Amino acid sequence: MSTELIINLTNIKTSAELHTLLMEKLNFPSFYGRNWDAFWDAITGLIEMPESITFIGWSELLNTLTNDAEILQNLLRKYCAYYGEITIIYM
């Protein structure tokens with residue numbers, strides 16, 4: 001995994017699209033369950049997280065998929081609390 005990752009959320013309209021994008025960008029395994037429990041399992045035990053993640057189009061995601069955006073943000077905060085700091089930028 002590279003140390004810096006940019007994820008463009010601009011065209012994401014559904015939860016399924018969001019999970020597919022996260023799977024691709026974070027190199028989750030093919031058996032990733034595409035739900036928030038599976039996301040947590042993947043980032044805490046299946047992959048190495050980058051040192052920095054920049055989300056482009058965050059405000060659009062908040063408007064389109066408010067619940068998913070809040071869950072994603074909360075899980076990343078939880079990850080940082082348990083496993084160490086990574087830089088997360090929401091643009």
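## A charge over a ring

In this predicted model, the charged end of Lys-78 is placed over the ring of Trp-40, at 4.5 Å from the ring centre. Trp-40 counts as buried, because its relative accessibility of 15% falls under the 20% limit.

Trp-40 also takes part in a ring pair with Tyr-83: the two centres are 6.2 Å apart and the planes meet at 55 degrees, so the pair is tilted. Since Trp-40 belongs to helix H2 and Tyr-83 to helix H4, the pair ties together parts of the chain that are 43 residues apart in sequence. Tyr-83 has a relative accessibility of 47% and counts as partly exposed.

## Helix H4

Helix H4 comprises the 18 residues 66-83.

The buried residues of H4 are Asp-68, Ala-69, Leu-72, Gln-73, Leu-75, Leu-76, Tyr-79 and Cys-80. Viewed down the helix axis, these residues fall within an arc of 160 degrees, so they line one face of H4. An α-helix has 3.6 residues a turn, so residues three or four places apart point the same way. The buried residues of H4 pack against helices H1 (15-25), H2 (36-46) and H3 (58-64), and against strands S2 (52-56) and S3 (87-90). On the other side of H4, the residues Asn-67, Arg-77, Ala-81 and Tyr-82 are exposed.

## The nonpolar core

The largest nonpolar core holds 32 residues, of which Phe-39 and Phe-55 touch the most other members. Strand S1 (4-8), H1, H2, S2, H3 and H4 each give two or more residues to this core.

Neighbours within four places in sequence aside, Phe-39 is in contact with Leu-22, Leu-26, Phe-28, Tyr-32, Leu-72, Leu-75 and Leu-76.

The structure holds 10 aromatic pairs. Ring pairs join Phe-28, Tyr-32, Trp-36 and Phe-39 into a cluster.

Phe-55 is buried, with a relative accessible area of 1%, while Tyr-90 is partly exposed at 28% relative accessibility. Their rings form a stacked pair, with 5.7 Å from centre to centre and 10 degrees between the planes. This pair links distant parts of the chain, as Phe-55 lies in strand S2 and Tyr-90 in strand S3, 35 residues apart.

Methods: Residues numbered from 1 in each chain as written. Predicted model: local features only at pLDDT ≥ 70, side-chain atom pairs only at ≥ 80, totals over all residues. Heavy atoms only, no water. Helix = DSSP H or I, 4+ residues; strand = E, 2+ residues; numbered from the N terminus. Expected span 1.5 Å × (residues − 1). Buried < 20%, exposed > 50% of the residue type's maximum accessible area, 1.4 Å probe, protein only. Arc of directions from axis to C-beta. Contact = heavy atoms within 4.5 Å. Core = buried A, V, L, I, M, F, W, Y, C linked by side-chain atoms within 4.5 Å. Phe/Tyr/Trp six-rings, centres within 6.5 Å; stacked < 30°, edge-to-face > 60°. Lys NZ or Arg CZ within 6 Å of the ring centre and 35° of its normal.
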